[in-house]
Amino acid sequence: MIPYKIYLSEDEMPKQWYNVRADMKNKPAPLLNPATKEPLTLEELSVIFCEELAKQELDDTDAFIDIPQEIQNFYKMYRPSSLVRAYCLEKKLNTPAKIYYKFEGNNTSGSHKLNSAIAQAYYAKTQGLKGVTTETGAGQWGTALSMACAYLDLDCLVFMVKCSYEQKPFRREVMRTYGAKVTPSPSMNTVIGRKILEKHPNTSGSLGCAISEAVEVATTTPGYRYVLGSVLNQVLLHQSIIGLETKIAMDKYNIEPDVIIGCAGGGSNLGGLIGPFMREKLLGKKDYHFIAVEPASCPTLTRGKYVYDFCDTGMVTPLAKMYTLGNGFIPSAIHAGGLRYHGMSSTLSQLYADGYIDACAVKQTEIFEAAELFARAEGILPAPESAHAIKVAIDEALKCKETGESKTILFGLTGTGYFDMYAYEKFHDHQM
């Protein structure tokens, strides 16, 4: 019998990240300089990002990149994370399907975001920088980055989407506990923030707005660089630790997933989970079914256009070719389920355009219903973002119940929802 939880030893932890772009026949389109419309050079990108991260962002050739020892040591505080067989959920659904989830919530930040936060903070520290700036939506990334910066004695300036700043005060206070300065966005602290507020004085904010402010501060303040928690190629690289551990654990017990499911906002969790499995598909060795699950309120893959667009609302960032709803898109203030970004990772956008990934959009009331069912069966309160993957995993398991198939389903449980009780309250009170 497969154990409830499959653990790896420290010795079995991956020592390298996996770069899926190296194995892609059609490479993601390059980032463009917004002024010249030419591909960004390393020198231009290094004005925004740390130099080593800029190199990783542009690397389309190296399949495996060594994880620095100090990052490996940090990972050991909470990794390897467990791969869990959802026996109780299977029983609740009365399905012949076998359901597994990779649980990334077993750290203080409560999510997978710490995997890239420590990497980006490490490269900022080794470059001799004073600090970093960033944005955060639901707050998972801001929380993770504040922890990583505290560990490495770096300043951390976080622009938090205004509605989340107001709805999730405890997430904000965790960031401040770790030493971060947290500002609701849009703010009066930046030129871009003031322009947005002048045009939309009652706006609830968006990730695009917050990115604009964070980039402005980073590029105008000596000793600072900008870091991002999703979307970028470098982030998918760092998050590949999720999929690498998952594959090692599954191979250990001769488990082969048929369906692999991840929630999809900017793409960090989905890209990290599917990476090494996608490699086998790209090389023609296996044919997994990948499903990206996004919110119906912010459906980038299923409703967006595949074009070059700004990554931010203020139009100060490089142009990325991606599935996008437009850089001015602002989700409804009642959208409480997370995954609010207007665009999708260029890497995942290319894989989706080439037919390697399927996508679907689900309503937030459905994802909270799935979250409750999962919590009552498995004993973990999931983050709303994670519940998107849970919803579709349940749907796939129920299809197996109807057909009698015994498929193996794998999904990413990106984190816990204990700082998301405002959203759960709205769901319970029928206000969403």
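Which residues does Gln350 touch, not counting residues up to four places away in sequence? Gln350 touches Met24, Asn26, Lys27, Pro28, Ala29 and Tyr306, where contact means heavy atoms within 4.5 Å. The legends below describe this and other sites.

The structure is a predicted model in which local features need pLDDT of at least 70 and side-chain atom pairs count only at pLDDT 80 or more, whereas totals for chains, interfaces and linings use all residues. Residues are numbered from 1 along each chain as its sequence is written, and side-chain values use heavy atoms, with hydrogens and water left out.

View 1. Gln350 belongs to helix H14, which spans residues 346–353; helices (H or I, at least four residues) and strands (E, at least two) are DSSP runs, numbered from the N terminus. With a relative accessibility of 11%, Gln350 counts as buried; buried means under 20% relative accessible area, exposed over 50%, and partly exposed in between (1.4 Å probe, protein chains only). Tyr306, one of the residues touched by Gln350, also makes a polar contact with it, side chain to side chain, at 3.0 Å. A polar contact is a pair of N or O atoms within 3.5 Å; within protein, one must be able to donate a hydrogen and the other to accept it, and residues adjacent in sequence count only if both atoms are side-chain atoms.

**View 2. Helix H14 and the elements packed against it.** Of the 8 residues of H14, 6 are buried, so the helix is largely enclosed by the rest of the structure. The buried residues are Ser346, Thr347, Leu348, Ser349, Gln350 and Leu351. Their packing partners are helix H11 (233–252), H12, strand E12 (305–310) and strand E13 (319–324). At the start of H14, a side-chain oxygen of Ser345 comes to within 3.2 Å of the backbone nitrogen of Thr347. Just after the helix, Gly355 adopts a positive phi of about 85°.

**View 3. The salt bridge between Arg279 and Asp23.** The side chains of Arg279 and Asp23 form a salt bridge at 2.7 Å, N to O. This pair links distant parts of the chain, 256 residues apart: Arg279 is in helix H12 (residues 268–282), and Asp23 is in the loop between strand E2 (16–18) and helix H1 (42–45). A salt bridge is defined as a side-chain nitrogen of Lys or Arg within 4 Å of a carboxyl oxygen of Asp or Glu, and a search of the whole structure finds 18 of them. Arg279 is partly exposed at 27% relative accessible area, whereas Asp23 is buried at 18%.

View 4. Glu104 and Arg79 meet through their side chains in a salt bridge of 2.7 Å, N to O. Glu104 lies in the loop between strand E5 (98–103) and helix H5 (114–126), and Arg79 in the loop between helix H3 (69–75) and strand E4 (83–85), so the pair ties together parts that are 25 residues apart in sequence. Glu104 is buried, with 3% relative accessibility, and Arg79 is buried with a relative accessible area of 3%. Salt bridges link Arg79, Lys102, Glu104 and Glu245 in a network.

View 5. Glu372 forms a salt bridge with Arg376, in which the closest N and O atoms are 3.3 Å apart. Because these residues are 4 residues apart in helix H15 (residues 364–378), they are separated by about one helical turn. Glu372 is buried, with a relative accessible area of 18%, while Arg376 is exposed at 65%.

**View 6. The packing of helices H5 and H11.** H5 and H11 pack at an angle of about 130°, with their axes 8 Å apart. On the H5 side, Asn115, Ser116, Ala119, Gln120 and Tyr123 meet Gln234, Val235, His238, Gln239, Ile241 and Ile242 of H11. Axes are lines fitted to C-alpha atoms, for helices over the stretch in contact, and angles run from 0 to 180 degrees between N-to-C directions.

**View 7. Thr317 in the loop between E12 and E13.** Thr317 is located in the loop between E12 and E13 and counts as buried at 5% relative accessibility. Its side chain reaches the backbone nitrogen of Cys311 at 3.1 Å, and a polar contact of 2.6 Å joins the side chains of Thr317 and Asp312.
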